[in-house]
Amino acid sequence: MTDSFRCSDRLSGVLVILLLMLFTLPAKAEREAWSLPLYQERVSAGSVMIGSAFARETYLSESGYSGTAFGFEADIWTGYSPDRLFKYGRTHSSLHFSPMKNRVGGGSTLELTGSFHTSMLWPAVNTPVCDLLLGPSFMFELGALYNRQNSNNPATAEGYMGAGLCVDNTLHFRLFRKDMAFQATLHMPLAGVGVAPDYDQPYWYIYRYDEYEKALHFITPFNDLALMQQVALVVPFRGARVRLGYTFDYTGNRLGGHYRSIGSNFFTIGCVMRYQKKDWSR
Amino acid sequence: MKSRIIHMACVVAALGMMLLPSACSSTEEGLDREYSNTPRGNFMALWEIMDERYCYFDLKKEVLGVDWNEVKLRYSASISGDMSNRSLFEVLCKMIGELRDGHVNLSSAYDFGRNWSWKTDYPANYSKDLQDKYLGLDYVICGNSSSYRILDDNIGYMVVKSFESSISNGSLNAMFNHMALCNGLIIDIRNNGGGNQNAGDRLASRFTEESVTWGYSCYKNGPGHNDFSKLHANVIEPAWTNLRWIKPVVLLVNRGCYSTANDFAVCMKSLANVTLMGDTTGGGGGLPMSSELPNGWVVRFSSSPSYDADINHVEFGVAPDIRLDMKESDMAAGLDTYIEEARRYINDMIVNP
């Protein structure tokens, strides 16, 4: 974990530049930091992600890898009809890339992962200080690891597709005479299909013998612990609403007989926008 | 009061979620073994990677008498905490060299550890100078590593140096058009160290008019020495949409034919109009995979064994239909015994089909 949080000087420089970019935002006060979208409304938050990633995938290597990671994430909250049980929709999509090194710095692995989660949310708690939303979620995540030393099995896929649970909790508070919001979100697949070769099944065999079923595994949190967690602070800043956060994405499993533990820690910075949803059916 | 309790519960839940990353990272260390980057840690990593993932332990025990547990005990005594990296590399290479497998290698900045006894312990049965003499200067280059010409007695002669890259269908069609009037074809794959399986399949598909099951393959599906998947049939299909060669073919092989070249020889041997001539091939029946030691050295090993059509291992090579050795007298006279015998064989087939 210490390796995962270690930031390089270059990373610190990028963070400073991003913070300076905040001053380019318009200087107009906003009364409320965050509120859930009304019917036909959307609230979206787009953020750049900078952090670190780690991977240990014994199909490719017994060594653990870690390195700097970059990416982009977008979250959209949609207001549905008030007479529905699930009054809100939420989608999360992200794409991140990480060049990683092993412990001795002698080998490198590249990781590229994309994810898409969409949820229907029921407002379990809806008070002036707290919005707690819960609901079912469809999740899709697919990534690839490419080990640049391996000659015959250089790459492997990792990912899952399934149904799960989304918990989205927003706490409203005032600090320095400003409305702010603290958000914590958890996406966790509870059942689905995970991708992993059947022990030392070469990808060449999957292609040659059409043996795809051996590379697909039924997953639950007991054999594939996957989760994506976000915490974020929404603060009004020069008329805009800035979202500063931390995102953690993790997959750990032993599918197909090989051990894999792949994750990333990101500091995120972006802004929140609210707009009317266009209804094309009118 | 009620809303305050809910508020507090939500705060606790939100803060609790922040602890999840540390919970996950602790499982990263706890769930599986981690090797230390010490001579002993690297030695154990290599031994266990091979123990769980190498596919030929039973065969090597039966044929070579290699007992992998005994190998561990013997080489473990040579490992000490203060040994240099070069010494460690030497010991580890010797240990995996016991398996006498060309697909088992240890790669480091110092060297590429290998055991090539499958080739070096036998007569070469090959002379590049003589091969070049038969090709002459006006040969046709076909793809990255193949060339051909028509010999004086109207027999096509093709040299395939490697299967690293495929010959395109267009180049193969051009070659067969060029040789359309030839009486037969000699394909020389001596000292071909292998490459891409697709390249071999594409070439072999030009020499059959029907689907032929030429072998079987499986892969390791668990850490036990006998954990293998079901056998998959390797079938060569005719290249229906392209030109095919139905006249006699002689495939020249020696101990330098390894890996994909070995599979190509197994495949060609099962075809009706093909005769294998020369020495037993070098073998290399296992499709290799790689892993890595804690110090970054990369280990390669055979992981997926292949068999011939009668489900015999081809790890130690395939025997030719006609056994040949290069004759000193021929070589002194500037003749390649293999090519001359192949020409004689094809010419005899024309007279006595």
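Where in chain A does A:Asp210 lie? Select A:Asp210 and you will land in the loop between α3 (203-208) and β8 (216-219) of chain A.

Before going on, a word about the model. This is a predicted model, in which local features need pLDDT of at least 70, side-chain atom pairs count only at pLDDT 80 or more, and totals for chains, interfaces and linings use all residues. Residues are numbered from 1 along each chain as its sequence is written, while chains are lettered from A and ligands numbered from 1 in the order in which they are written.

**Stop 1: A:Asp210 and chain A**

Stay on A:Asp210 and look at its backbone. Its phi is near 50 degrees, a positive value in a residue other than glycine. Most residues other than glycine have a negative phi. Is A:Asp210 buried or exposed? It counts as exposed, because it has 9 C-beta neighbours inside 10 Å. The rule works with C-beta atoms placed from the backbone: 20 or more others within 10 Å make a residue buried, 12 or fewer make it exposed, and anything in between is partly exposed.

Of the 282 residues in chain A, 45% are buried.

**Stop 2: two domains in chain B**

Switch to chain B and colour residues 39-117, which are domain 1, and then 128-288 + 303-351, which make up domain 2. These bounds come from an automatic or database domain assignment. Taken over C-alpha atoms, the centres of the two domains are 32 Å apart.

Where they touch, 10 residues of domain 1 of chain B are in contact with 16 residues of domain 2 of chain B; contact means that the C-beta atoms of two residues, placed from the backbone, lie within 7 Å. Which elements give two or more residues to the domain 1 side? They are α3 and α4 (57-64) of chain B. The most come from α4(B), with 4 residues. By class, the domain 1 side has 5 nonpolar, 2 polar and 3 charged residues. Here Ala, Val, Leu, Ile, Met, Phe, Trp, Tyr, Cys and Pro count as nonpolar, Asp, Glu, Lys and Arg as charged, and the others, Gly among them, as polar.

**Stop 3: α3 and α6 of chain B**

Next, select residues 39-53 and 85-97 of chain B, which are helices α3 and α6. Two packed helices are described by the angle between their axes and the distance between the axes. For this pair the angle is about 20 degrees and the axes are 11 Å apart. That makes α3(B) roughly parallel to α6(B), a label for angles under 35 degrees. Show the side chains of B:Pro39, B:Asn42, B:Phe43, B:Leu46 and B:Met50 in α3(B), which meet B:Leu88, B:Leu92 and B:Ile96 in α6(B). This contact has 7 nonpolar, 1 polar and no charged residues.

Then pick B:Met83, in the loop between α5 (68-76) and α6 of chain B. B:Met83 counts as partly exposed, because it has 17 C-beta neighbours inside 10 Å. Apart from neighbours within four places in sequence, B:Met83 is in contact with B:Pro39 and B:Leu88.

**Stop 4: around α10 of chain B**

Select B:Asn191, in the loop between β6 (184-188) and α10 of chain B. B:Asn191 has a positive phi of about 65 degrees although it is not a glycine. With 22 C-beta neighbours inside 10 Å, B:Asn191 counts as buried.

Move on to α10 (residues 197-204) and α11 (residues 260-269) of chain B, which pack at an angle of about 25 degrees with axes 9 Å apart. These two helices are therefore roughly parallel to each other.

**Stop 5: B:Gly215**

Finish at B:Gly215, in strand β7 (residues 212-217) of chain B. B:Gly215 is buried, with 26 other C-beta atoms within 10 Å. Leaving out residues up to four places away in sequence, B:Gly215 touches several others, including B:Asn234, B:Val266 and B:Tyr307.

Notes: Axes are lines fitted to C-alpha atoms, for helices over the stretch in contact, and angles run from 0 to 180 degrees between N-to-C directions. Angles under 35 degrees count as roughly parallel, over 145 as roughly antiparallel, 65 to 115 as roughly perpendicular and the rest as oblique.
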